Amino acid sequence: MKKLFISQLIILLSSCICSAQGPGSNIVLHSVNEEDGLSDNHVQCVLKDRSGNVWIGTADGLNEMDGSAIYVFRNKKEDNTSLVNNNILSLAEDESGNIWIGTSGGLSCYFRQKNVFQSWLPEASPYGSSGYIYSIVIDRKKNIWCATHGGLLLFNDHTNLFRPFYNMVNDPKNSLVLRNRITHMIAGTTEQKLWISSADGLWSFSLDRLTFKEEITAKNDPQYKQLFTYVYESHDHTIWAGTWEEGLVALNKANGKVAHYFLKDPAQMIIRCINEIQQNDGKYMLFLDGDLSAFDPATNNFFHYVKLPKETENMNVLPCYKSPDGWIWLASSSGLYIYDPHHQFFQHHFFSKEITAQDVAFAEWNQSLLVGGGAKDFLKLYDEKWDLKKDFGLSLNLSAARRKSGVNPTVLSIGQDNNDLWLGTSSGILRMNTNTGNTKWFYHAENDSTSLPRNFITHIFLSSNKKIWVFPWREGIWTLDTETGKFKKLWTGFSKENGKLKKLVIVSATEDENGNLWMSDIDEGIILFDRKTGIFSKPFSAEIGSKVRTDKIFFYNGSLYSNTPDAVIKWGQSKKKLSFFYLPPEMSKEIYGIQPDHEGNWWIATNNGLIVFNEGLKTFRRFTSADGLLNNDMNGTLFCRSNGTVLFGTESYVTSFNPPQLLSAVGDVPQQQLKEVLVNAKPVEQARAKNNFHFDYYEKNIVFKWALPDFSNPFRNQYYCRLEGIDADWRYVGYKGEIQYANLNYGKYKLQLKAINANGVVSPNIISIPFEIAPPFWKASWFLGLVIFICAIIFFFIVRYVSQRNLKEKLLRLEKEQAVEKERNRISRDMHDDLGSGLTKIAIMSEVAKRYLYDHEKARQQLDNISGSSRELVDNLQDIIWVLNPKNDTLESLAAYTREYALKFFEPFKIEMHFIYPEKFSYIKLSEETRRNVFLAIKESFNNIGKHAWCNQVTMSIETGNNSIVINIKDDGRGFAANHIREFGNGLINMKNRIEQINGSYEIKSRPGAGTVTTIVIPA
């Protein structure tokens, strides 16, 4: 099966009354099936919603078709947001755009905004299966009515409950089971009624009184039989009903009269579907089910369609649905068929057999159409209705021409000169006077250079100066002298091939306003004959190449036109500069020929359909077999008649159409729609997309989906996009409206979306989507600002710290320098005070000793004093040196030095010295000032003990802990009272000051007779 097939259908009438041609001779159908993505070919119902999308219910799933793609919905086990059942029997849409779905397993509703299904199952009915919902009607009060095989049900979407209305009208002859077995239901157009067909007659149900009424009975229908299959109300408010084997029934609501219409074939008397269409001529007809059956109410005739090609046989149409736009959607067991009554453009005339082995030739004579073919179809004249007016071949001696040329004469070209027709044929040139019937043949004669070089004449042209230009196949350019009947070769060719001059093959010629002749060659492009100079040239070899095929050539609106295989070309008769009109990428196929119409359009025959180009609007439209053409390979002859009708002819048929009517019919295109936006494979919520789309930096995989709900040729709509700042022009994305962007840099973007239908008509709206991808937080402006701010603060504090550190270092250096200076001063002072005074004392005592040299006792005593002062001076010097030595900067060193000093100091006093030190000193570093002040305080304490305590033993202890060092000096001497401290008060004050200078504390406790305790606490 083809993915998309379109065929011409010839209507043949078959009825019990008469046989006639039905209304409309050409019907184009489109097929949508499983190959297009449909979930199942067994289509059972169709609905076109308010947004233009088409919902297709099948025996295996629900489908949404938007003009770009088909989306399938099925039941999913253990998912209560999916369909209740895959067998879809009926469809309806409410005012909110929600889709109500009747299935063989209950009722479902697709809530569009939430993108979920909700389902309900009716309670069992005593009269049949209530779960099979065959029709859904939403009345004016928004009530939801469901027709089932178990009765009529009213569904309340607020309580989610079904209320049954069973047909209990008393009739002892019939079963309530049959009466409640509803086959179809519609809403009345003029009254508050439901019209119901059932297995027990045709009924109406009053929506006001909620009561049933039997409309067709044996009382008003002598041929009444109870089984009704379908009900429909036509535009004139006639109620039409389908029956089982009883044909079509019509009910006049005004008078209650019933009419039956029967078909001869009993097998076709089962009518299960009815729908009405209005055709282009304004007439109405009823589509029926079966193999495309129809009924014309105006003539009371049944019709059926014979399809071409054979693939469309046995379509078995089931229900047919008419959408609000008048289109007919034919559900069948082989897919969905689409029929647009107003999209029937092309009329086809078929020849009984192939009339030529070459291209068909056209010309007009007396407002009738001349068609040139071969043999018995050599030249015929047809009127507007394709009735044969004259067969010129019957009066011509074609057998003589066949004997002369050796082939059956075939018309290849037709030229006109008043009443004379000049026919270029495969057997020479025929001149025929249409008034007198006189003819004259011109043939090739051996050894006669003034005759035709060969009999196969591809083209013949009559110039304004009455010259006959003749173009034999591969024989260059010739002229005919009509008075002498002699031919003259004017030009052979330009290029050489295999060492010989290559002869031209001219297929078309025209004349400009200056009398210059322009010709197109199938191998060498455009040929110019300059009338003034008599020179032949190839003026466009540089632009199109020296070897290129050109087809028909025209002088039109002051310019010249022809075509190459890939473009229409245009140039001025004096300005020989080419303009190229290339087909859009989606239409770009090989061009076979061009033809202007009376509206300024150029019709272009290609191997992918018929394209029309409007030079002024710069628009292209395409028509294919989807629009009614018999073949997309348009390798044939285009011709525009004087009445504006354009023809396309082949050896088997001629297609005709009216350009204004055709173009006006395809001018209206619905608006395209943005369907979905996916980010990282997840749909974007609608609320997120109210104004602009904002994505985080990690949301870089973005998919935009859009669709054009134009179903004149489904799945051949074309889609374009343009991302501003990236795409310089529109980018063609194909037949599906979907574009994906991955790894876009952060920033602001604007995406534009465009759609063009299969005929090339642009949708009236351009979808513009501004969106923004946020940078990662480390690249966001606020973060960069924060970083700059923090860096500025850090820099400020670093600068401040460095400045303060430098200042502190400078201050420290100054303090050190001051400390050094101070220490120097102190040392100098100590040296001066201790050593200087000591040395002075020694010097004085030495002088005194000199005086007592003769008094030995006094001299000895004086020398002893000198000796003691010297030792004291040495000790003081040793103390100064110890303090200054940085090796002695620990607590352990202080303790050892103090111990050594104490033992030496108290030895003369016969005082026992005890030390309580830790077994192992912690490494505690003491500054020079601390060591000096502590040692001098201890030394002063020892001096006080030696001078005033009169003790027997002294105990010194050192303890560390709690970030402090505690030194205790205890003696067992006589002690003193606090009020008698004056005698050595200055020494105690000095010691206290020394300790406080190093942030320590000094305390002395004593009582008379209880000894003295000195406590020094310094920070560790």
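N962 sits in the loop between strand 70 (953–961) and strand 71 (964–971). Its phi is near 55 degrees, a positive value in a residue other than glycine. The model is predicted.

**Positive phi in loops**
- Most residues other than glycine have a negative phi.
- N962 has a positive phi, near 55 degrees.
- N962 counts as exposed because its relative accessible area is 77%, and the cut-off for exposed is over 50%.
- E78 also has a positive phi, of about 60 degrees, although it is not a glycine.
- The loop that holds E78 runs between strand 6 (70–73) and strand 7 (88–93).
- E78 has 88% relative accessibility, so it counts as exposed.

**A buried serine**
- S332 belongs to strand 28 (residues 328–332).
- Its relative accessible area is 0%, so S332 is buried; the cut-off for buried is under 20%.
- A polar atom of the S332 side chain lies 3.0 Å from the backbone nitrogen of S334.

**Nonpolar cores**
- In soluble globular proteins, nonpolar side chains tend to be buried together.
- The largest nonpolar core here has 44 residues.
- W603, F623, F695, F704, L751 and F771 have the most contacts inside it.
- Which residues does F704 contact, leaving aside its neighbours within four places in sequence? They are E676, V677, G737, E738, I739, Y741, L751, I769 and F771.
- Another core, of 35 residues, lies apart from the largest one. Among its residues are Y897, F942, I945 and L988.

Key: Residues numbered from 1 in each chain as written. Predicted model: local features only at pLDDT ≥ 70, side-chain atom pairs only at ≥ 80, totals over all residues. Heavy atoms only, no water. Core = buried A, V, L, I, M, F, W, Y, C linked by side-chain atoms within 4.5 Å. Buried < 20%, exposed > 50% of the residue type's maximum accessible area, 1.4 Å probe, protein only. Contact = heavy atoms within 4.5 Å. Helix = DSSP H or I, 4+ residues; strand = E, 2+ residues; numbered from the N terminus. Polar contact = N/O pair within 3.5 Å; in protein donor to acceptor, adjacent residues only side chain to side chain.
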